[in-house]
Amino acid sequence: MRYGEIMEFTYVIREDSGQQYLEITGCKSSAASIRVPMAIDGVPVQAIGPHAFEKMEEVRQVQLPDSVKSIGAFAFYGCRNLSTISLSDNAASWGTGALYFCGNLSEIRLKVTQRKYSILRDMLADTDLGIYVRILDESPGRICANGREALPSVLSGRGAGEFASGRAMDDSENAALLYFPAYTHGFDEDTYARAFHTWIEGCGFAYRETVMRTGIDYREYDLLFGRAEADGVGGVQTAANVALSRLMYPCSLRESARKKYAAYLAEHGEEVLMRLVGDHDRERTMFLLEEGYVSPEAAGRAVLKASEQGDAELVGMLMRLRGETGSRGEDEFDLGEL
């Protein structure tokens, strides 16, 4: 074993079955975005060492290459501004605590090439935050659901005819977006019984249980929506995040579930819309409006809010949408107050 340093990364050269590989041990200087290379000087990067990027508060995005097979314990511990981490299912080992105290983590991006979901299951177990998971399936022989390429599901043999075609927000027909709600957990001590009683509040833990080692149980995920509606941790926001994600990227989405999600957004459309505008979330805002989940009056109020916030890009997008839908007559919303 020998030590080296190149660019911003420090590393250790190790051997496995006579083959050399690199383990990243740290970074010389911090940056908002860290993109680990597949190889350095021709030697593949296969591991992220324990504590490698610990407490690097400037880091907001981390992209790991397909060559990485393991991530060490506490690798990103205390990266409090980390929002997105990208990796592939070639990574088979996830160290405990790698995402502890990453309070702004909002999205995991997973490329699936071998239909392995162990790494995703372990990552979700490492955080109790509400978090989006964006999946791109590039594995061979993907399941076709109702005429469109879909991700592998543990339900691949059941009810294919009930799948809803839905609508995707990008050009990829083998992508999925899922929201896993937050939850809280702890324990109470029963002194007289000399026992500890654990408790869990929120539906986030149950949603995480739908991720299995070889696939995602989409049917069970969708059946949990009643718990998301009644969630005591996130309320309307939790259920709206689940519904929006499933409708925008309807991988293996059954018609019965689609109707439930659509009905929820129609009922809470204005409240959800105002939150999205406040968060400057353009993609989901446009989806709500384009799919007709909010009234023209609510849309007009949202435009005014975007204008007050100085979000010129969103205002422009809404004005373009108005031009494209101007032929709808009474459904048209008025931007004349801007």
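Colleague: Over the ring of which residue does the charged end of Arg284 sit?

Modeller: A charge is said to sit over a ring if NZ of Lys or CZ of Arg is within 6 Å of the ring centre and within 35 degrees of the ring normal. Here the charged end of Arg284 sits over the ring of Tyr132, 4.4 Å from the centre of that ring. Please keep in mind that this is a predicted model, in which local features need pLDDT of at least 70 and side-chain atom pairs count only at pLDDT 80 or more, while totals for chains, interfaces and linings use all residues. Residues are numbered from 1 along each chain as its sequence is written, and side-chain values use heavy atoms, with hydrogens and water left out.

Colleague: How many helices and strands are there in the protein chain?

Modeller: Helices (H or I, at least four residues) and strands (E, at least two) are DSSP runs, numbered from the N terminus. By that reading the protein chain has nine helices and 17 strands.

Colleague: At what angle do helix H5 and helix H7 pack?

Modeller: Two packed helices are described by the angle between their axes and the distance between the axes. The axes are lines fitted to C-alpha atoms, for helices over the stretch in contact, and angles run from 0 to 180 degrees between N-to-C directions. Helix H5 (residues 236-248) and helix H7 (residues 282-290) pack at about 75°, with their axes 11 Å apart. H5 is therefore roughly perpendicular to H7, given that angles under 35 degrees count as roughly parallel, over 145 as roughly antiparallel, 65 to 115 as roughly perpendicular and the rest as oblique.

Colleague: Which residues make the contact of H5 with H7?

Modeller: Contact means heavy atoms within 4.5 Å, and here Leu244, Leu247 and Met248 of H5 meet Glu283, Arg284, Phe287 and Leu288 of H7. The residues of this contact divide into five nonpolar, no polar and two charged, where Ala, Val, Leu, Ile, Met, Phe, Trp, Tyr, Cys and Pro count as nonpolar, Asp, Glu, Lys and Arg as charged, and the others, Gly among them, as polar.

Colleague: How many aromatic pairs are there?

Modeller: Rings of Phe, Tyr and Trp (its six-membered ring) pair if their centres lie within 6.5 Å; planes under 30 degrees apart count as stacked, over 60 as edge-to-face and the rest as tilted. The count by this rule is eleven aromatic pairs. In one of them, the rings of Tyr183 and Phe205 have centres 5.8 Å apart and planes at 70°, so this pair is edge-to-face. The pair links distant parts of the chain, 22 residues apart, with Tyr183 in the loop between strand S15 (175-180) and strand S16 (184-190) and Phe205 in helix H2 (residues 204-208). Phe287 and Tyr293 form a tilted pair, 6.1 Å centre to centre and with 40° between the planes. Ring pairs also link Phe74, Tyr77, Tyr100 and Phe101 into a cluster.

Colleague: Is Tyr183 buried or exposed?

Modeller: Buried means under 20% relative accessible area, exposed over 50%, and partly exposed in between (1.4 Å probe, protein chains only). Tyr183 is buried, with a relative accessible area of 7%, whereas Phe205 is partly exposed at 36%. Phe287 is buried at 2%, and Tyr293 is buried at 13%.

Colleague: Where is Leu82 found?

Modeller: Leu82 lies in the loop between strand S8 (70-71) and S9, and it is buried at 0% relative accessibility. Not counting residues up to four places away in sequence, Leu82 touches several residues, including Val59, Phe76 and Cys102.
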